[in-house]
Amino acid sequence: MTTQDMQLILTGGALGVEVRGLDLRNALSAETVHHLRAAFLDHGVLFLRDQQLSEVDQVRFSRYFGDPVPHVREQPDRPIPEIFIISNVEEKGRPIGALGNEEIKFHSDLSYMPRPGSISMLYAVEVPEAGGDTMWANLYTAYETLDEQTKTRIARLRAIHKHPRPQQNPPVPASHPVVCVHPETGRKVLYVSPHLTSHIEGLGAEEGQVLLNRLITHATQPRFVWTHRWRVGDLLMWDNRCTMHRRESFDNTQRRIMKRTQMFGDEPKGDLVTHPTA
Ligand code: OGA
Ligand code: MN
């Protein structure tokens, strides 16, 4: 598909679309934004290569899709507070950003909050020669390919999501439907992850864990996952409401610097009434 000089190129994988022909240093027309939003909702991940963005450019582009907010883990002294640094680099003995160099298991951003992250965006400033790839799983396909018996079994279940670091969590742990309905597409999503889903509510510990592991193993099959090999100048955004992502580790002698913006959404909703009121 082509609008003006913009081309959309499918990755050919489980999700994702590349956009060519746009320079995000410039403001975009309403028509271009309309097509980008539609492509993003269709494909879950959207990226552009070879950009040369200031932090102001990245925030302007983010605003076409929502309201970027400062991250919950504050980085004081940032000139543009909506930009959060993801990096393993240390300066004067202190990390300049978050998330280090180790593997980060599959997760949807901020699912440990009552209102999780909706859209996240990374701009690649420095990337390692090897490692540090990020991969996304398509949670629509994960749901749709479950057998009917499993779909029925999980239809009304909810799960508790927790960050492994206790101090990150809200006082009341977040509970979300195991099957969520995407607020914009209306499609059903399997919303569980190995990094942030703690347990399924209302099931025995062992039964719940067996089911959770089975759902996660199903959702992370290679056929549902697409991997992005980063290049400097990549701007990539993802929809946490229908995808989860994992980052590979990389050698800590290599530098990796990403600039991130984060949008938030509503409370995830299931498609069935899970707690009927009397
Ligand atoms: C994130 C994240 C992965 C990466 O910013 O939420 O998971 O590739 N980052 O840095
Ligand atoms: Mn993440």
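This is a predicted model: local features need pLDDT of at least 70, side-chain atom pairs count only at pLDDT 80 or more; totals for chains, interfaces and linings use all residues.
**Ground rules.** Local features need pLDDT of at least 70, side-chain atom pairs need 80 or more, and totals for chains, interfaces and linings use all residues. Residues count from 1 along each chain as written, chains are lettered from A and ligands numbered from 1 in written order, and side-chain values use heavy atoms, without hydrogens and water.

**Metal site.** I looked up the manganese ion (ligand 2). Its protein donors are His107 (NE2), Asp109 (OD) and His245 (NE2), lying 2.1 Å from it. Donors are N, O and S atoms within 2.8 Å of the metal (3.2 Å for Na, K and Ca); water is not among the atoms, so sites may look incomplete. The spacing along the chain reads H-x1-D-x135-H. His107 sits in strand S9 and His245 in strand S19, 138 residues apart. Strands are DSSP runs of E, at least two residues, numbered from the N terminus. Both His107 and His245 are buried (under 20% relative accessible area, 1.4 Å probe, protein chains only).

**Strand S20.** I checked residues 257–264 next. Six of the eight are buried. S20 runs antiparallel to S5, with four bridges, and antiparallel to S10, with seven. Ser87 stands opposite Ile257; Leu122 stands opposite Arg260.

**Domains.** I noted domain 1 (3–137 + 227–264) and domain 2 (139–219), with bounds from an automatic or database assignment. Their C-alpha centres lie 24 Å apart.

How values were computed. Buried means under 20% relative accessible area, exposed over 50%, partly exposed in between (1.4 Å probe, protein chains only). Two strands pair if DSSP finds at least two bridges between them.
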